[in-house]
Amino acid sequence: MDELLFIETIRVEDGTFVRPELHLQRMRQTVREAYGVASGFDLADGSIPLQHRKGTVKCRIVYGRSLSEISFAPYVPREIRSLRLVAADDELDYHLKYADRSALARLLQRRDDCDEILIVRDGAITDTSYSNVAFFDGRKYVTPDTFLLNGTRRQYLLG
């Protein structure tokens, strides 16, 4: 059986990870849940070369029991102007950030002429295909407790 793989995408600003502790916590919890072992991941040990990164980029880490692949790409926020509600099967599971995103990709194919989907599961709003949903009422952020993945940005905003 192939090893399950997961992804972690971390914003890097001028050679420094943004909120590395939240990402590292999720990576360690994922390995503990998926494999029943502790991970030795450390984002500050120098194993991921950041010093030559200028501006804002995204670091994509693919991992299982150990780091599998590390890549960098320009950080380009998506502009979303239209959403389509898409119902997902109650069995959809993305509580860990799996590298296999095929179930989400199938949902995204149903967006028709919209930019993005808003996933509904069991009658409740969850997430979009690539991010949590958060609303700001002028004082605080409000986000569904029916999320598919407890994202790091979501945790930070609610923090």
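1. Terms for the charged pairs. A salt bridge here is a side-chain nitrogen of Lys or Arg within 4 Å of a carboxyl oxygen of Asp or Glu. This is a predicted model, in which local features need pLDDT of at least 70 and side-chain atom pairs count only at pLDDT 80 or more, while totals for chains, interfaces and linings use all residues. Residues are numbered from 1 along each chain as its sequence is written, and side-chain values use heavy atoms, with hydrogens and water left out.

2. R65 and E3. The whole structure contains 7 salt bridges. One of them joins R65 to E3, with 3.8 Å between the closest N and O atoms. R65 is in the loop between strand 3 (56-63) and strand 4 (67-74), and E3 is in the segment before strand 1 (6-13), so the contact ties together parts 62 residues apart in sequence. Helices (H or I, at least four residues) and strands (E, at least two) are DSSP runs, numbered from the N terminus. R65 counts as exposed, at 51% relative accessibility, and E3 as partly exposed, at 37%. The cut-offs are under 20% relative accessible area for buried and over 50% for exposed, with partly exposed in between (1.4 Å probe, protein chains only).

3. R78 and E116. A salt bridge also joins the side chains of R78 and E116, at 3.0 Å from N to O. This pair links distant parts of the chain, 38 residues apart: R78 is in the loop between strand 4 and strand 5 (83-88), and E116 is in strand 6 (residues 116-121). What is the relative accessible area of E116? E116 has a value of 0% and is buried, whereas R78 is partly exposed at 41%.

4. R84 and the two aspartates. The side chains of R84 and D113 form a salt bridge of 3.3 Å, N to O. R84 belongs to strand 5 and D113 to the loop between helix 2 (102-108) and strand 6, and the pair links these distant parts of the chain across 29 residues. R84 is partly exposed, with a relative accessible area of 28%, and D113 is exposed at 66% relative accessibility. Salt bridges link R84, D112 and D113 into a network.

5. Aromatic pairs. The structure has 6 aromatic pairs. Rings of Phe, Tyr and Trp (its six-membered ring) pair if their centres lie within 6.5 Å; planes under 30 degrees apart are stacked, over 60 edge-to-face, and the rest tilted. F6 and Y63 make a tilted pair, 5.8 Å centre to centre with 40 degrees between the planes. F6 lies in strand 1 and Y63 in strand 3, so this pair ties together parts 57 residues apart in sequence. F6 and Y63 are both buried.

6. F41 and Y63 have ring centres 5.3 Å apart and planes at 80 degrees, so the pair is edge-to-face. F41 lies in the loop between helix 1 (20-35) and strand 3, where Y63 is found, so the pair ties together parts 22 residues apart in sequence. F41 is buried, as is Y63. Ring pairs join F6, Y35, F41, Y63, Y94 and Y98 into a cluster.

7. Charges over rings. The charged end of R11 sits over the ring of Y75, 5.7 Å from its centre. R19 has its charged end over the ring of Y156, at 4.1 Å from the centre. The criterion is NZ of Lys or CZ of Arg within 6 Å of the ring centre and within 35 degrees of the ring normal.

8. Two strands pair if DSSP finds at least two bridges between them. Strand 1 and strand 3 run antiparallel and are joined by 8 bridges; F6 stands opposite Y63 in strand 3. Strand 3 also pairs with strand 4 in the antiparallel sense, over 7 bridges, and R60 has S71 in strand 4 as its bridge partner. Strand 3 and strand 4 form a hairpin with 3 residues between them.

9. Which order do the strands of the open sheet follow? The order is 5-6-7, in an open sheet of 3 strands with mixed pairing. Strand 5 and strand 7 (124-125) are the edge strands, each pairing on one side only. Strand 6 and strand 7 pair in the antiparallel sense over 2 bridges, and V120 stands opposite I125 in strand 7.
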